[in-house]
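Trainee: Please put the model up, and then I will ask about it piece by piece.

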Amino acid sequence: MRVRALRDAAHRIRHHALDMGEVQGQGYIGQALGVADILAVAYKDVLNYRADEPDWPERDRFLLSVGHYAIALYAALAEAGILDPEELATYGSDDSRLPMSGMASYTPGMEISGGSLGHGLGIAAGMALGLRHQGSEARVYNLLSDGELDEGSTWEAAMLCAHHGLDNVTAIVDVNALQADGPTAGVLRTEPVTEKWEAFGWHAIRVDGNDIGALVDAFDALRAHRGSPSVLICDTRIGRGVPLLETREKAHFMRVEEHEWQLARDELAQGRDVQ
Ligand SMILES: [Mg+2]
């Protein structure tokens, strides 16, 4: 039941992302479809928050350092009840609270302004130290991309979190094997990712990031871990759930033709039927 409900939530997140993408005709749709399962599990099963009080001091913090994934987070915030789903139609428009890159001052539930990559984990470390100092039970999550593993600042923050034994920090790495300049393996080799985090003193688990059951089990295990920060490394597929987008060559920033949006929604619906 738990997994079935989360699959339904992931489906709605993907559907929202396609609808928002259609407003602009292009965008980071592939990443949004790829992380929908992670966000569904995070917002419907893991995070502690109050939908009607986004600034509740005891909330778990979810930091989106990949600001260009904002389209995915807006969809998840709508699923979480923090945003009204009707507002999603304003995505990227003038005067909208939902800009194309995540901005903390614009959007309820958006904890940081991301987009300048490699800063999320450093902010997470500072927040986690502060929360520990206050005696808070709140946890800090940072969703980062495999491209952000190219950033030295990510590893500085990783060292800092381990040094201070920040077991209230969980990093979630979206390993979609792609970044702006091409396949991650060709731009700057980051593998073996799990062993690198372990060498930095982190408790690491690697899962198929599109397998809801595996994500639920992994988050359960991480929540129980004490003594060091933890990282969930998630292998995801760009465009997941929509074959016509899964196979698109230029996948980092996708241009989708006007007639393709309905096809994409149809493919998403077909995939759901065979689940
Ligand atoms: Mg990537």
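Helix H1 and the fold around it

Mentor: In H1, the residues that count as buried (20 or more other C-beta atoms within 10 Å of a residue's own, with C-beta atoms placed from the backbone) are Leu 6, Ala 9, Ala 10, His 11, Ile 13, Arg 14, His 16, Ala 17, Leu 18, Met 20, Gly 21 and Glu 22. Helices (DSSP H or I, at least four residues) and strands (E, at least two) are DSSP runs, numbered from the N terminus. This is a predicted model, where local features need pLDDT of at least 70, side-chain atom pairs count only at pLDDT 80 or more, and totals for chains, interfaces and linings use all residues. Residue numbers start from 1 along each chain as its sequence is written.

Trainee: What distance separates the end C-alpha atoms of H1?
Mentor: H1 covers residues 2-24, which is 23 residues. The expected span is 1.5 Å times one less than the number of residues, so H1 should span 33 Å. The computed distance agrees, at 34 Å.

Trainee: Which residue with a positive phi follows H1?
Mentor: The phi in question is near 80°. The residue that follows H1 with this value is Gly 25.

Trainee: Is Gln 26 buried, exposed or partly exposed?
Mentor: Gln 26 lies in strand E1, residues 26-27. A residue is exposed at 12 or fewer neighbours and partly exposed between that and the buried limit. Because Gln 26 has 14 C-beta neighbours inside 10 Å, it counts as partly exposed.

Trainee: Which residues does Gln 26 touch, not counting those up to four places away in sequence?
Mentor: A contact means C-beta atoms, placed from the backbone, within 7 Å. Gln 26 and Glu 258 are 232 residues apart in sequence, yet their C-alpha atoms are 9.7 Å apart. The residues that Gln 26 touches are Phe 253, Met 254, Arg 255 and Val 256.

Trainee: Which residue in E3 stands opposite Phe 62?
Mentor: Two strands pair if DSSP finds at least two bridges between them. E2 and E3 pair in the parallel sense over 4 bridges. On E2, Arg 61 and Leu 63 on one side and Phe 62 and Leu 64 on the other are all buried. Opposite Phe 62 stands Tyr 141.

Trainee: What covers the buried residues of H4?
Mentor: H4 runs over residues 120-133 and reaches 20 Å from its first C-alpha to its last, close to the 20 Å expected. Its buried residues are Gly 120, Leu 121, Ala 124, Ala 125, Met 127, Ala 128 and Leu 131. The cover includes strand E2 (61-64), strand E3 (140-145), helix H5 (152-163) and strand E4 (169-175).

Trainee: What is the radius of gyration of the protein?
Mentor: The radius is taken over C-alpha atoms, and the globule rule is 2.2 Å times the number of residues to the power 0.38. With 275 residues, a compact globule would come near 19 Å. The value for the protein agrees with this, at 17 Å.

Terms used. Contact = placed C-beta atoms within 7 Å.
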